[in-house]
Amino acid sequence: MSLIEARGIDVRQGRQRVLHGVSLRLDAGEIVTLVGPNGSGKTTLLRVLIGAIRPDGGSVTRAQGLRIGYVPQKLHIDPTMPMTVRRFLDLPARVSNAAARTALAQAGLSDVSSRQMADLSGGQFQRVLLARAILSRPQLLILDEATQGLDQPGSAAFYRQIEHLRAELGCAVLMVSHELHVVMSASDRVICLNGHVCCEGTPEVVSAAPAYRELFGTGTGGALALYRHDHDHGAEHDDHHHHHPAHEDAR
Amino acid sequence: MLDDFLLRAGLAALGTAAAAGLLGCFVVWRRMAYFGDATAHAAILGVAVALAFGISVFAGVALVALAMAIVIIIFSERRYAPDTLLGVLAHGALALGLVAVSLIPGARINLEAYLFGDVLTVSRLDLAIIWGGAALVALVLWWHWSALLTATLNPDLAQSAGISPRREQMILTLLLAAVVAVSLKVVGALLITAMLIIPAATARHFARTPEAMAGFSVLFGAVAAIGGLLAAMRLDTPVGPSIVCVAAGLFTGASVLMALRARIAA
């Protein structure tokens with residue numbers, strides 16, 4: 001029995017067809033990555049799946065009582081709202097201090113409970129969002145461009161954390177990313193979206209598919225190999241910096 | 001008990017401060033100041049409707065404020081620039097209300113009382129309605145606190161947890177209409193937004209969590225209510241504006257205090 005299944009989803013915004021005939025199903029415990037160029041409807045599809053957008057055509061079936069942990073692309077906390085990390089983890093339902101500590105640790109954070117959300121770094125903020133999402137013990141974790149604003153080593157570390165989490169919690173993961181090379185090696189299945197599903201399969205199959213190469217070119221093949229190397233031998237961040245001196249300037 | 005007009009006025013002002021202080025936090029967090037203004041300005045139209053149909057002023061104001069809020073929500077989903085839309089509706093409603101009141105035959109009403117409040121003439125029935133309204137607002141906020149907070153933070157986050165952001169928005173809108181109706185007698189249509197915004201904005205300086213901010217907001221609202229009433233008695237000034245002056249003074253004092261503290265810490 002799949003966790004969630006979308007059949008023939010159509011979404012129009014004004015005159016534009018953002019999604020047409022998109023079908024997708026997710027089974028327990030698998031990691032699926034949605035790739036696609038800007039404006040290809042990735043975020044729209046996620047919002048259809050969580051129920052924030054009612055599609056103009058097609059249907060979404062969720063397993064009964066499906067618990068979804070959602071990490072939005074960007075969470076803006078208005079500066080007028082004071083919010084400690086600990087209080088944020090209590091949304092929407094209160095959790096015990098022990099559970100909060102465990103979730104922060106699982107998301108790769110030390111104890112930042114008493115800090116204000118506004119004072120966190122970009123990487124810490126994303127990890128707090130992740131910690132909050134796993135507190136509901138989700139069967140399905142949905143991440144929308146969760147590594148925006150992180151540098152390359154930072155996002156590689158973030159996605160490794162996701163793999164650990166999947167192993168630890170047994171949840172399925174659906175994520176959207178631009179960073180094909182980083183994300184794809186961690187996925188069981190990749191879906192290439194551009195208004196419709198262009199191609200779908202294991203990372204190897206998709207990166208070799210003509211439709212995928214047409215959208216993204218062939219340049220990422222080398223980067224994929226580079227990341228795989230990194231992935232097999234643990235984090236060699238210094239090496240990355242060596243290859244990307246621009247990161248040093250950015251700090 | 002409650003025979004003293006000053007005591008009744010003080011209790012009415014406190015009830016209003018409590019309701020406005022609590023709801024005001026959401027108005028500040030969601031940047032609904034102009035939304036609040038437009039809704040409050042529609043109160044005068046509500047007074048005209050109440051007089052024309054011979055119903056209670058509270059009911060008339062609450063109904064018209066609610067209708068106004070719903071109109072704003074519907075139009076804002078149609079891609080008008082929000083500030084333009086709210087500007088049109090806020091002032092349009094105020095002007096329409098002023099015209100409508102003058103058209104009602106035989107009604108000699110003291111318009112100033114509705115524009116700036118008239119808390120010294122509060123009756124026991126008014127007091128009961130004000131405290132009933134305040135209790136309702138507090139109760140609904142307490143019941144929905146977590147859902148409202150989640151929906152305010154991020155609608156999609158709420159949706160994925162099974163909370164409908166639209167429903168929460170409707171609840172806030174209903175509460176806003178209730179606060180407008182409750183506050184009209186105390187501070188008047190033109191200054192209701194001040195009681196929503198200023199105590200909450202003052203509270204922001206001292207709070208580390210949303211709950212603490214709500215608590216401080218009620219506290220500052222209450223201090224302004226009592227301080228303003230006493231000042232008005234002593235200086236023979238209008239009560240509603242005096243309350244808002246004290247609230248603004250507290251805000252200024254808190255801002256200066258925080259700026260000094262930041263300088264010392266640095």
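Contact here means heavy atoms within 4.5 Å. By this criterion, 23 residues of chain B are in contact with 29 residues of chain A.

## Basis of the model

This is a predicted model, in which local features need pLDDT of at least 70 and side-chain atom pairs count only at pLDDT 80 or more, while totals for chains, interfaces and linings use all residues. Residues are numbered from 1 along each chain as its sequence is written, chains are lettered from A and ligands numbered from 1 in the order in which they are written, and side-chain values use heavy atoms, with hydrogens and water left out.

## Interface of chains A and B

Chain B and chain A bury about 2,200 Å² between them, 57% of it on carbon and sulfur atoms; buried area is the accessible area (1.4 Å probe) that two parts lose on being put together, summed over both. Three salt bridges are found across this interface, a salt bridge being a side-chain nitrogen of Lys or Arg within 4 Å of a carboxyl oxygen of Asp or Glu. A:Arg87 and B:Glu211 form a salt bridge through their side chains, with an N to O distance of 2.6 Å.

On chain B, the elements that give two or more residues to the side touching chain A are α1 (5–29), α6 (124–153), α7 (155–160) and α10 (210–235). Helices (H or I, at least four residues) and strands (E, at least two) are DSSP runs, numbered from the N terminus. The largest share, six residues, comes from α6(B). By class, this side of chain B has 11 nonpolar, seven polar and five charged residues; Ala, Val, Leu, Ile, Met, Phe, Trp, Tyr, Cys and Pro count as nonpolar, Asp, Glu, Lys and Arg as charged, and the others, Gly among them, as polar.

## B:Arg31

B:Arg31 is placed in the loop between α1 and α2 (33–53) of chain B. With a relative accessibility of 58%, B:Arg31 counts as exposed; buried means under 20% relative accessible area, exposed over 50%, and partly exposed in between (1.4 Å probe, protein chains only). Leaving aside residues up to four places away in sequence, B:Arg31 touches A:Asp78 and A:Pro79. The side chains of B:Arg31 and A:Asp78 are joined by a polar contact of 2.6 Å, that is, a pair of N or O atoms within 3.5 Å; within protein, one must be able to donate a hydrogen and the other to accept it, and residues adjacent in sequence count only if both atoms are side-chain atoms.

## Strand β8 of chain A

In strand β8 (residues 189–193) of chain A, five of the five residues are buried. A:Arg189, A:Ile191 and A:Leu193 point one way from β8(A), and A:Val190 and A:Cys192 point the other way. In a regular strand the side chains alternate between the two faces of the sheet.

Strands pair if DSSP finds at least two bridges between them. Strand β3 (residues 31–35) of chain A runs parallel to β8(A), joined by four bridges, and A:Leu34 stands opposite A:Ile191. Strand β9 (residues 197–201) of chain A pairs with β8(A) in the antiparallel sense over four bridges, with A:Gly201 as the bridge partner of A:Val190. These two strands form a hairpin with three residues between them, and A:Gly195 in the turn has a positive phi of about 85°.

## Salt bridges within chain A

The structure holds 12 salt bridges over all chains. A:Glu30, A:Arg189 and A:Glu200 are linked in a network of salt bridges. A:Arg86 forms a salt bridge with A:Asp90 at 3.3 Å between the closest N and O atoms, and both residues are buried.
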